[in-house]
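Visitor: Hi! Could you walk me through this one while I have it open?

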Amino acid sequence: MTPTQCEKCGLTVPVPPGGRRLCGCGNWLYAPDEDAFVEAEPIDDEKDAPDSEPGYPRLEGDLASIERLKEGSRKILDEVSKIIVGQQEVLEQLLIALFAQGHGLLVGVPGLAKTLMIRTLADSMNLSFSRIQFTPDLMPSDITGTDLLQDDKATGQRAFKFLHGPLFANVVLADEINRTPPKTQAALLEAMQERQVTVSGQRHKLPEPFFVLATQNPIEQEGTYPLPEAQQDRFMFNIRVDYPNEEEEFRIVEATASIKRPDISRVVSAADLLEMQEIVRKVPVAPYVIRYAMQFTRLTRKEKGKVPDFIRDYVTWGAGPRASQYLVLAAKARAVLRGRFHVSCEDVRAVALPVLRHRIITNYNAEADGIKPDDIVLRLIDLIPRETGK
């Protein structure tokens, strides 16, 4: 491998002799054939050694993998569209979260097919699916599982046996998550972050891939328990599900009033999905794109450095480092879904709203002026310079 410096962004990328590789900024890098060198030049800095940069993938195989991922996502959307009318932006955000190994929180009024959308998405993939209806009397052991004392017919002895709860599935639908007490909501924290549950001191690994999709009704607050900020932060995306337009609503009514129900084919396996998630992780990101994403989170923290006046006026708490991580990961997934092996600032802007809207806590001034977290993010999109640089 020959360390080659990109003339556009200054990044050093290991390139195979006589081959080429795509830099994170989208510029192609070329290396002369190995026979053209009499003696290889030593690498002065260990950080430039090829072995220390596993994030740069093998070009030939991964470009083909990107095409497979793009084709797989198209097939998933085609299958889901047999049942779900419209909501293309919501479906794309669900796929981005899925490929980036994140979780999603869907917020919308009743009757917008949030549950049906998630169930259909799971049906289009060869994954196990579990639906949990959250209620005020639901206990943590009801979702994680519990140890039961059972008789062993072979030995006649009694022993505890762990019975798996509904969390042990690839896709978990947490329906109306704000209708259960915080004790049960907190049982999801370990599962979402560590991909495991602990029962009676024993750790039980959850299946891979593991994806939690929760729904929440924003208009009815009686008898509900709003998710605390610490739990909301575990969700990569806060996805707003809006009303359909007139033509979409007509098609929904027309389809549901008939007896015909389309069959959903399983077009992606668990192994395929794990490969897609690995491809997303391997996508390189130029330093200027990372710094561009960091500005969205750092400018929301009014206690740190210079921030815009509207942040000081309307924001109580800003987004943490996890928001920066999710901005970059989601931007990677969006770029790959569009067949690109490089991340642009446009990808960051496109995922800024679902990543940041539940991580910005506004104050009473914002409520009085009708300012929502979405308005804060949109102002930041207009404020932060879009020019690329090192």
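Guide: A quick definition to begin with: helices here are DSSP runs of H or I with at least four residues, numbered from the N terminus. Also, keep in mind that this is a predicted model.

Visitor: Good. Which helix holds Asp-123 and Arg-119, and how many residues apart are they?
Guide: Both sit in helix 3, which covers residues 114–123. They are four residues apart, about one turn of the helix.

Visitor: And what do the side chains of Asp-123 and Arg-119 do?
Guide: They meet in a salt bridge, at 3.3 Å from N to O. Side chains of opposite charge can pair when their charged atoms come close.

Visitor: How many salt bridges does the structure hold?
Guide: There are 13 of them.

Visitor: Changing topic: what's the strand order in the open sheet?
Guide: The order is 7-10-13-5-14, five strands with parallel pairing. Strand 7 (129–133) and strand 14 (237–240) are at the edges with a single partner strand each, so one side of each has no neighbour in the sheet. From one strand to the next, the twist averages 20°.

Visitor: Zooming in on that sheet, how many bridges join strand 5 to strand 13?
Guide: Four, between residues 104–107 and residues 211–216, running parallel. One detail you can check is Val-107, whose bridge partner in strand 13 is Gln-216.

Visitor: Now the hairpins. How many residues lie between strand 8 and strand 9?
Guide: Six, and Gly-156 in the turn has a positive phi of about 80°. The strands, residues 145–151 and 158–164, run antiparallel and are joined by seven bridges. Thr-146, for instance, has Leu-163 in strand 9 as its bridge partner.

Visitor: And strand 11 with strand 12, parallel or antiparallel?
Guide: Antiparallel, with four bridges between residues 196–199 and residues 202–205. Gln-196 has Lys-205 as its bridge partner. This hairpin has two residues between the strands, and Ser-200 takes a positive phi near 55°.

Visitor: Last one: which residues form the negative surface patch?
Guide: Glu-246, Glu-247, Glu-249 and Glu-254. Glu-254 lies in helix 7, residues 246–256.

Methods:
Residues numbered from 1 in each chain as written. Predicted model: local features only at pLDDT ≥ 70, side-chain atom pairs only at ≥ 80, totals over all residues. Heavy atoms only, no water. Patch = residues over 30% accessible without salt bridge, like charges linked within 9 Å, V, L, I, M, F, W, Y side chains within 5 Å. Areas by Shrake-Rupley, 256 points an atom, 1.4 Å probe, with all protein chains shown as cover. Salt bridge = Lys/Arg side-chain N within 4 Å of Asp/Glu carboxyl O. Lys, Arg positive; Asp, Glu negative; His and termini not counted. Charge placed at Lys NZ, Arg CZ, Asp CG, Glu CD. Pairing = 2+ DSSP bridges. Axes fitted to C-alpha atoms, helices over the stretch in contact; angles between N-to-C directions.
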